[in-house]
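I opened this model to look up its sheet, its core and the surroundings of its ligand. My notes follow in the order I took them.

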Amino acid sequence: MAISDVGLPGEVPWKKMSAEELESQYCPSQWGVRLRAEEALRTYSQIGIEATRRARATRKSLLHVPYGDGEGEKLDIYFPDEAAEALPFFLFFHGGYWQSGSKDESAFMVDPLTAQGVAVVIVAYDIAPKGTLDQMVDQVTRSVAFVQKRYPSNEGIYLCGHSAGAHLAAMMLLANWTKHGVTPNLKGFFLMSGVFDLEPIMYTSQNIALQLTLEDAQRNSPQLKVAQVQPVDPTCRVLVVVGQFDSPEFHRQSWEFYQVLSAQTLCQGEWKASFEQLHDVDHFEIVENLTQKDNVLTQIILKTIFQ
Ligand SMILES: N[C@@H](CC(=O)c1ccccc1NC=O)C(=O)O
């Protein structure tokens, strides 16, 4: 699909959709070409569980490390074989529409990244209905501050999220770090098949658990806010990626977020943003394939970290 198929700039195509069409656009499992919905979700979950079992069995790790006082405020750290404090740290925020998924089945990329000398942190947050979106954003912010405080000599912190997790990672572009007493050494963002404007989500069944009001959706939409903030570090890269078989609405979300990032004027400071449509993958394969060292996106991530 070409970008021109997702509408002209300034158009809001989802507002013209029927309720059924909008529901379908925001149901990623309906858009795969290889597996039917249920099977796609089952495969995604099995690959995540197996990658996590393997990571815990084969890598040095610190599991269930508290980054706050809340029961759900835990993260897992997986280390490369060579012990060092001065490592790049790669933090992953899982997807599941802020209401499913966990760190205990999301260690997809641990094997190929730790093998190359990157510490990988898989972050848990309180999904809905226990957590609200504002709470999840606050938890993710504190998890990033925690890693910086615990590993102050890190060689860069890279934030990666998938789908709803890409939204949470993107919200870190807006974070007010002074409130947290630390400026994390953020060097890169990898935003896979994300949602950056939350308003359309309000009109789907996802909002039964999320209970977003228009104010909640707008306050938590990086699409609406990112033009107002400046990058702390001008070398920080932001990669926006979407799968070829993601729905047109997911393509539009990623493309428009990339557009707003790269439209910043020089005097405001620019994000070093890039956009990739990953060939031959759907919403789930984009992250499943991170278990493989020779996958295109794994290689892009490693090149970005070690450039
Ligand atoms: N109920 C959704 C599940 C879903 O969207 C999803 C599942 C796992 C990881 C990410 C997902 N999407 C966004 O966060 C679906 O059927 O596609």
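I started with Trp-98, which is found in the loop between S3 and helix H3 (110–114). Helices (H or I, at least four residues) and strands (E, at least two) are DSSP runs, numbered from the N terminus. I am working on a predicted model, where local features need pLDDT of at least 70, side-chain atom pairs count only at pLDDT 80 or more, and totals for chains, interfaces and linings use all residues. Residues are numbered from 1 along each chain as its sequence is written.

I read the phi of Trp-98 as near 60°, a positive value in a residue other than glycine. Trp-98 is buried, because 29 other C-beta atoms lie within 10 Å. The cut-offs are 20 or more such atoms within 10 Å for buried, 12 or fewer for exposed, and partly exposed in between, with C-beta atoms placed from the backbone.

Ser-163 also went on my list: its phi is near 60°, positive in a residue other than glycine. I found Ser-163 in the loop between S5 and H5. Ser-163 counts as buried, with 26 C-beta neighbours inside 10 Å. Next I checked omega and found a cis peptide bond from Ala-128 to Pro-129, with omega near 5°. Pro-129 lies in the loop between S4 and H4. Most residues other than glycine have a negative phi, and most peptide bonds are trans.

**Sheet**

I traced an open sheet of eight strands with mixed pairing, in the order S1-S2-S4-S3-S5-S6-S7-S8. Strands pair here if DSSP finds at least two bridges between them. S1 (60–66) and S8 (272–278) stand at the edges with a single partner strand each, so one side of each has no neighbour in the sheet. The twist averages 15° from one strand to the next.

S7 (residues 237–243) and S8 pair in the parallel sense over seven bridges. In this pair I saw Gly-243 opposite Leu-278 in S8.

I then looked at helix packing. H4 lies across S2 (74–79), S3 (89–93), S4 (119–123) and S5 (157–162), at about 165° to S3. H5 packs on the sheet, touching S3, S5 and S6 (186–192), and its direction makes about 145° with that of S5. Angles run from 0 to 180 degrees between N-to-C directions, and axes are lines fitted to C-alpha atoms, for helices over the stretch in contact. Contact means C-beta atoms, placed from the backbone, within 7 Å.

**Core**

Which residues have the most contacts inside the largest nonpolar core? I noted Leu-91, Val-120 and Val-121, in a core of 90 residues. Helix H4 (residues 133–150) gives the largest share, eight residues. Such a core is a set of buried Ala, Val, Leu, Ile, Met, Phe, Trp, Tyr and Cys residues joined through C-beta atoms within 7 Å.

I also looked up Val-287, in helix H10 (residues 285–288). Leaving out residues up to four places away in sequence, Val-287 touches Phe-108, His-162 and Met-192. Val-287 and His-162 are 125 residues apart along the chain, yet their C-alpha atoms are separated by 7.2 Å.

**Ligand**

Residues around the ligand (C-beta atom, placed from the backbone, within 6 Å) include Cys-27, Tyr-44, Tyr-97 and Ser-163. Helix H2 (residues 37–58) gives the most to this shell, three residues. I count seven nonpolar, five polar and no charged residues in the shell.

Conventions: Nonpolar A, V, L, I, M, F, W, Y, C, P; charged D, E, K, R; others polar. Contact = placed C-beta atoms within 7 Å.
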